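Student: I have a structure open and want to go through some side-chain details. Can we take them one at a time?

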Amino acid sequence: MCRKQVFQRENQQVTPKTRLIRLAAPVLAVAGLLGMSVPSAAVTTTYDNDYRACAGRLLSVGVTADAASQACATALRPRDLSLCVADINKKTQINAVDALTVCRQARRPKELATCVVAISKNTQGADNLAVLNYCGRSLLPVRFAQCVVGLRKEIDLAPTQALDTCIDGSDRISGLTPASTSPTQPSGGFSPTFETQPVPTTPNSK
């Protein structure tokens, strides 16, 4: 059987339905690719969206719509920011507006909230704003809280005294506070500890 006869027989076996399927296949493939490139609508309608979760949580604790939108839009981790504000507001006597101001400045908002809540419980709510500000100043807020709580458990320290003592200690550990210099040593000079007198040279033997 010649090649031409085989081709004609194959064409005779193709039904109209088969032809329709063959024509529709490329169109369906293109439609599928376009559908894959369009973002899923569910992302914008559920709380999987970090920005929606942030805004909703801030509104629920009394933050205004304008403040919530600005805070969430500029946050590196919007969900963590809103959790920081909500935890402080619900577990201490600090209002959401004050908490938001400090949480927005924190590099680790969740750790900041842990610090504020832990110290507030330990100090029974005394000096709430001071606790918020001290935790915000610390580079290691959880460690700072452990210092305050730990010292007050064993030593009779007033809350403010414990805050001052621990923030000074954490600054020294972090290298933020320069080491104190002795009165006889210039603050900007270099004082070597080795012998500075020249070593006498031995004459060359001839």
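Student: Which side chain does the side chain of N128 make a polar contact with?
Tutor: The model is a predicted one. In it, the N128 side chain has a polar contact with the side chain of Q93, at 3.5 Å.

Student: Where does N128 lie, and what else is N128 in contact with?
Tutor: N128 lies in helix 8. Leaving aside neighbours within four places in sequence, the residues in contact with N128 are Q93, I94 and S120.

Student: Is N128 buried or exposed?
Tutor: N128 counts as buried, because its relative accessibility is 12% and the cut-off for buried is under 20%.

Student: Switching to aromatics. How many aromatic pairs are there?
Tutor: The count is 1 aromatic pair. Y134 and F144 form this pair, and it is stacked, with 6.4 Å centre to centre and 5° between the planes.

Student: Which helices do Y134 and F144 lie in?
Tutor: Y134 is in helix 8 (residues 128-137) and F144 is in helix 9 (residues 141-154), so the pair ties together parts that are 10 residues apart in sequence.

Student: Are Y134 and F144 buried or exposed?
Tutor: Both Y134 and F144 are buried.

Student: What sits over the ring of Y134?
Tutor: The charged end of R137 does, 5.1 Å from the ring centre.

Student: Now disulfides. How many, and what is the pairing?
Tutor: There are 4 disulfides. With the bonded cysteines numbered in sequence order, the pairing is 1-2, 3-4, 5-6, 7-8.

Student: What does C54 form a disulfide with?
Tutor: C54 is bonded to C72, with the sulfur atoms 2.0 Å apart. This pair links distant parts of the chain, as C54 is in helix 3 (residues 50-60) and C72 in helix 4 (residues 65-74), 18 residues apart. Both cysteines, C54 and C72, are buried.

Student: And what is C115 joined to?
Tutor: A disulfide joins C115 to C135, S to S 2.1 Å. C115 lies in helix 7 (residues 109-122) and C135 in helix 8, so parts 20 residues apart in sequence are tied together by the pair. The link of C115 and C135 is left-handed, with -75° about the S-S bond.

Student: Why is the disulfide of C147 and C166 left-handed?
Tutor: Because the torsion about the S-S bond of C147 and C166 is about -85°. C147 is in helix 9 and C166 in helix 10 (residues 159-174), 19 residues apart.

Note on methods:
Residues are numbered from 1 along each chain as its sequence is written. This is a predicted model: local features need pLDDT of at least 70, side-chain atom pairs count only at pLDDT 80 or more; totals for chains, interfaces and linings use all residues. Side-chain values use heavy atoms; hydrogens and water are left out. Rings of Phe, Tyr and Trp (its six-membered ring) pair if their centres lie within 6.5 Å; planes under 30 degrees apart count as stacked, over 60 as edge-to-face and the rest as tilted. Helices (H or I, at least four residues) and strands (E, at least two) are DSSP runs, numbered from the N terminus. Buried means under 20% relative accessible area, exposed over 50%, partly exposed in between (1.4 Å probe, protein chains only). A charge sits over a ring if NZ of Lys or CZ of Arg is within 6 Å of the ring centre and within 35 degrees of the ring normal. A polar contact is a pair of N or O atoms within 3.5 Å; within protein, one must be able to donate a hydrogen and the other to accept it, and residues adjacent in sequence count only if both atoms are side-chain atoms. Contact means heavy atoms within 4.5 Å. A disulfide is a pair of cysteine sulfur atoms within 2.5 Å.
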